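Dear colleague,

Please find below the structure that I am handing over to you.

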Amino acid sequence: ARDAAVAARDGAEADVSRARASLEAAGAKASQARAAMAGAEADAERAEARIEGERAKVSQAEADLRSADADLAYWGAEYRRDQALLAEGAISESEADATRRSFEVAKSAQQAAAAKLDAARATLRESEAALAGARQAYEAAQEALRASEAAAQVAQADLEKAQAALASAGAKARAAEAEAIGAETDVAQEQSLLAGEISAVEGAESRLEQARYQLEQAEAREREAASVVEADRNMVLQAQAQAREAAAAATGAYESYVAQRTVSDYTTIRALTSGVVSKREADPGTLVGPGKAILAIGAFDAVRVQAKVASEHADLLSPGDTAYVRLSEDPADVVTSTVTTVFPAADMQTRTGTVELTLDNRGLDLKQHEFVKVDLVLQRHEDVLVVPSEAVQNLDGQDVVFVHEEGSARRVDVTTGVDNGVMTEIIVGLDPGDAVILKNASKVSDGVAVSTEKAPFMGTGDGAEGTGGGHTGH
C-alpha cells in the first residue's frame, strides 16, 4: 500500500507539471492570437481608409465619363449634321473637318475617361479584397483566441485537479506509511475489512445483473428504432421519385415558356438606346420594311439653349458668365445658369451672335425647339452706390438726380455707370444715405419746395449687374 501510494504521488506530481506546461502554452497562444487580432484590425482600418479614397476616385471618374459621354454625343450629332450639310454643299470642307476633329477629340476623351473609370474600379476592388482578407484574418485570430482561452481554462481545471490529486496522493502516502508500520497489529481489522469487501462484491454482482437486464432492454429499443429507420428510408425513396417527376414537369413547363417567349419576342421592338420619344414616324397598323424609322428618341435630361444677342454684346461675353433663363412669365420661374459657348461667327443679316447655355432638364420642363427668354450679365460691379433708375433724368445731355434737403429739392449732377433697367450705378455725385426723390421727379426743379414720404428700398446694396434683357433663345 505504501509503494502504491508513493507511485500515485509521483504520478500526481507529473500530472501537475504537465498541466502547468499546458496552461503556459495556452497563455502563449492567446497572446499570439491577440497580437494577430490587433494586426488584422489595423490592416482592416487601413483598407477601409483606402476604400474611401478609391470610392471618391471612382465617383470622380464616373462624373468625368458622363461629361465625356455628353461631349461625344454632342459632337457626334454635330459631325453627322455637318457631313449631311457638306454633301449638300451647304458648308465647306474646312468647316466639316473642324467638326470632325472636335468629334475625334471628344471620342478620345471619352475612351480615356472610360479607361480611367475601369482602373479606378479595379483599384477599388483590390482594396475591398484587402479589407475582406483583413476581416477574415481578424475573425481567424479571434477564433484562435477563443480556442486558446478555452484551452487555458481546461488546462487550469486540469492543474487544479492534478494539484488536488497530488494533495490526496500525499495524504494517502503518509497514511500508507503509518499503516505499514502497524500492519501486523491490524490483521484482525483487515480481516473485518475483507468481509466488508466480500459483501461489496456481492452487491456489485447484483448491480451487474441489473445492468445486463438494462442492456437487453436497450437492445430491444435498438431493434425497434431500426424498423423505424427502414420505414423512413422507404418514405425518402418515395419522395425522391416524386421529386424526379416534379423536375420533369418543371422542365417541360420551362421549355413551353421559352417557346412562348420566343414567339412574343417577334412582336416586341426595342430601341438600341434609352431616351424620350420625341416624334412618331409611323402610325400603328402601318406596314414598314427594314430600315424604316418608327420613332425618334432623344436624350433630354440636359438641353442646349441658344440665344441670339447683338454683336456688340456678344463681344463682352465669354464661357462661365452668369445667365438667367426665364421659363415663363412668372418672375419666380427663373433658372440660373452659365454661358458654355460663345460662337465666333455672327449673322450678317441680323447682325447678331449666338450664345449657348447647357441646362439640367431631368424633370423634362423644357421641350425640343421651345422658346425661352435669356438674361445675360454683360458687366458686374461689386460694392457700388446705386439708385432706382427712375430717379435719374437727363437734362440738356447731363444726368441729374434731385435730392431732398430741408423741405426743398436740390439738383445734383451725377456720373452714371451700369444701368440694368431697375437700378443705376452712381459713380460721382451722391453719397450713401442721400434722400433721392423718385415720384414726380420729372416735375421737380432745383430749389422747389417738396413734401416727401419714404419709399421702400428696391436694391440690394451689394452691387449692380448690367444685363442684356429679353434675348430669346431655344
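This is a predicted model: local features need pLDDT of at least 70, side-chain atom pairs count only at pLDDT 80 or more; totals for chains, interfaces and linings use all residues.

Residues are numbered from 1 along each chain as its sequence is written, and side-chain values use heavy atoms, with hydrogens and water left out.

The largest pocket has a volume of about 2000 Å³. A pocket here is an open set of points on a 1 Å grid over the protein atoms alone, where a 1.4 Å probe fits, with protein on both sides within 12 Å along at least five of seven lines; lining residues have an atom within 4 Å of a point. The volume is the space filled by probe spheres set on the points, which are joined across faces, edges and corners. Of the 46 lining residues, Tyr 74, Glu 78, Val 303, Arg 304 and Glu 356 are the closest to the centre. Helix 1 supplies the largest share of the lining, 13 residues (helices are DSSP runs of H or I with at least four residues, strands are runs of E with at least two, and both are numbered from the N terminus).

In the sheet, 3 strands lie in the order 8-13-12, open and antiparallel. Strand 8 (385–388) and strand 12 (415–419) are at the edges, each with a single partner strand, so one side of each has no neighbour in the sheet. Strands count as paired if DSSP finds at least two bridges between them; 4 bridges join strand 8 to strand 13 (residues 423–428). Val 387 stands opposite Thr 424 in strand 13.

Yours sincerely
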